[in-house]
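This report describes the fold of a single chain, from its overall form to its local details. The sequence and the structure are shown first.

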Amino acid sequence: MSEVDPKATHQYQLGDVAGALEFLKRTRSELRMLRLVRVWKDRLRVYDVNGDCFAITGVGYGDADVIPLLDNINTAF
């Protein structure tokens, strides 16, 4: 899957899990059925079946705060 520009991006602020969850809730309706989540050290992207995506920057696989975000979109990890 090639890199595409996200439809929306949220800059995560340390400890603001509620803000990131609200972003996921708002943007989820803009995508089709979710297909893939990619997590980097400093960001995560959620892709749908059409390849469209949205991103959260400032949080990644090394942060404990990524767990509630992944759980919110039913990601297996």
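A contact is counted where heavy atoms lie within 4.5 Å. On that basis, residues 24 or more positions apart account for 47% of the contacts in the chain with a separation of 6 or more.

## Overall form

The model is predicted. The secondary structure of the chain comprises two helices and four strands, and from the N terminus on the order of the elements is β-α-β-β-β-α.

The radius of gyration of the chain is 11 Å, and a compact globule with 77 residues would have a value near 11 Å, so the two agree. Along the principal axes, the C-alpha atoms fill a box of roughly 30 × 25 × 25 Å. Buried residues make up 35% of the 77 residues of the chain.

## The sheet

The four strands form an open sheet in the order β1-β4-β3-β2, and the pairing is mixed. Strands β1 and β2 stand at the edges with a single partner strand each, so one side of each is left without a neighbour in the sheet. From one strand to the next, the twist averages 10°. Helix α1 packs on this sheet, where it touches β1, β2 and β4. The direction of α1 makes about 170° with that of β4.

The parallel part of the sheet is the pairing of strand β1 (residues 9-11) with β4, which are joined by three bridges. Within this pairing, Thr9 has Ala55 of β4 as its bridge partner. Strand β4 spans residues 53-57, and four of its five residues are buried, so β4 is largely enclosed by the rest of the structure.

Strands β2 (residues 34-39) and β3 (residues 43-48) pair in the antiparallel sense over five bridges. Two facing positions may be noted in this pair: Val39 stands opposite Leu44 in β3, and Leu36 stands opposite Tyr47 in β3.

## The nonpolar core

The largest nonpolar core holds 16 residues. Those with the most contacts inside this core are Tyr12, Leu24, Leu44, Phe54, Ile56, Val59 and Leu69. Two or more residues each are given to this core by α1 (17-28), β3, β4 and α2. The largest share, four residues, comes from α1.

Which residues does Leu69 contact, leaving aside its neighbours within four places in sequence? The contacts of Leu69 are with Val17, Ala20, Leu21, Leu24, Leu44, Ile56 and Val59. Among these partners, Leu24, Leu44, Ile56 and Val59 are also listed with the most contacts inside the core.

## Salt bridge

How many salt bridges does the structure hold? There is one, and it is formed by the side chains of Arg43 and Asp42, at 3.4 Å from N to O.

Both partners count as partly exposed, because their relative accessible areas, 23% for Arg43 and 43% for Asp42, fall between the limits of 20% and 50%.

## A positive phi at Asn74

Asn74 has a positive phi of about 55° although it is not a glycine. This residue lies in the segment after α2 (66-72). Is Asn74 buried or exposed? Asn74 is exposed, because its relative accessible area of 71% is over 50%.

Technical notes. Residues numbered from 1 in each chain as written. Predicted model: local features only at pLDDT ≥ 70, side-chain atom pairs only at ≥ 80, totals over all residues. Heavy atoms only, no water. Salt bridge = Lys/Arg side-chain N within 4 Å of Asp/Glu carboxyl O. Buried < 20%, exposed > 50% of the residue type's maximum accessible area, 1.4 Å probe, protein only. Pairing = 2+ DSSP bridges. Core = buried A, V, L, I, M, F, W, Y, C linked by side-chain atoms within 4.5 Å. Axes fitted to C-alpha atoms, helices over the stretch in contact; angles between N-to-C directions. Rg over C-alpha atoms; globule rule 2.2 N^0.38 Å.
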